[in-house]
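Subject: A structure for you to explore

Hello,

Here is the structure I promised to pass on to you. Please open it and have a look around before you read my notes.

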Amino acid sequence: MLESGAGLVDAARACNEARDAIAQLIQSTAREAELSGRIVDDGFKERVALRLERVETAMTRQVSRGIGILATIGATAPFVGLFGTVWGIMNAFIGISESHTTNLAVVAPGIAEALLATAFGLVAAIPAVVIYNHLARVIAGYRVLLGDASAQLLMIIGGGIGIRAAAPPRAAE
């Protein structure tokens, strides 16, 4: 809608009921145009830019919710697995000291615990990191999309397309 060359009023009318991020950017710009009496001046452009930035930030925050948990899992799960590995090896050494032998039957349970803990840590960490990286790329693309839409809106209001421009100053009489 923004790239078609339509004015702000037409764009706002077209996305009147929509709730997506681009529609919110358009509606926020149209609201500011109404509050400003449809007069395009530098103050209006600054207020619109501020509104657009706030909407972009809110939308980015909304889609980024929960990504920190994935980062935490990806960063800490290997250490939890490592802790389990140390615990299993300690149990193997305890088994050796209690039986006074290095028989495989004595060492195997502790080594099995260690390997299982390591595997669980990796099973948790690897998908979390892969999903986190994917979401980070998607969110970055989303931010670029919002930035492009904001730039389009600023160009529309900068040209006064679909808005009444401010009257030129009168010469002193």
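Some ground rules come before the details. This is a predicted model, where local features need pLDDT of at least 70, side-chain atom pairs count only at pLDDT 80 or more, and totals for chains, interfaces and linings use all residues. Residues are numbered from 1 along each chain as its sequence is written, and side-chain values use heavy atoms, with hydrogens and water left out.

Let's begin with the salt bridges. A salt bridge here is a side-chain nitrogen of Lys or Arg within 4 Å of a carboxyl oxygen of Asp or Glu. The structure has two of them. In one, the side chains of E32 and R47 meet at 2.7 Å, N to O. E32 belongs to helix α2 and R47 to helix α3, so this pair ties together parts that are 15 residues apart in sequence. (Helices are DSSP runs of H or I with at least four residues, numbered from the N terminus.) R51 also forms a salt bridge with E32, and their closest N and O atoms are 2.6 Å apart. This pair links distant parts of the chain, since R51 is in helix α3 and E32 in helix α2, 19 residues apart. Together, E32, R47 and R51 make up a network of salt bridges.

How accessible are these residues? I use buried for under 20% relative accessible area, exposed for over 50%, and partly exposed for in between (1.4 Å probe, protein chains only). E32 is buried at 6%, R47 is partly exposed at 37%, and R51 is partly exposed at 22%. In the same helix α2 you will find E34, which is exposed at 54%.

Next, look at α4, which covers residues 67–99. α4 bends by about 35° at T76, and the proline P78 follows within four residues. That bend is the angle between axes fitted to the seven residues ending there and the seven starting there. The buried residues of α4, including G74, A77 and G81, pack against α3 and α5.

Most residues other than glycine have a negative phi. H100 sits in the loop between α4 and α5 and is exposed, at 73%.

Happy exploring!

Conventions:
Helices (H or I, at least four residues) and strands (E, at least two) are DSSP runs, numbered from the N terminus. Contact means heavy atoms within 4.5 Å.
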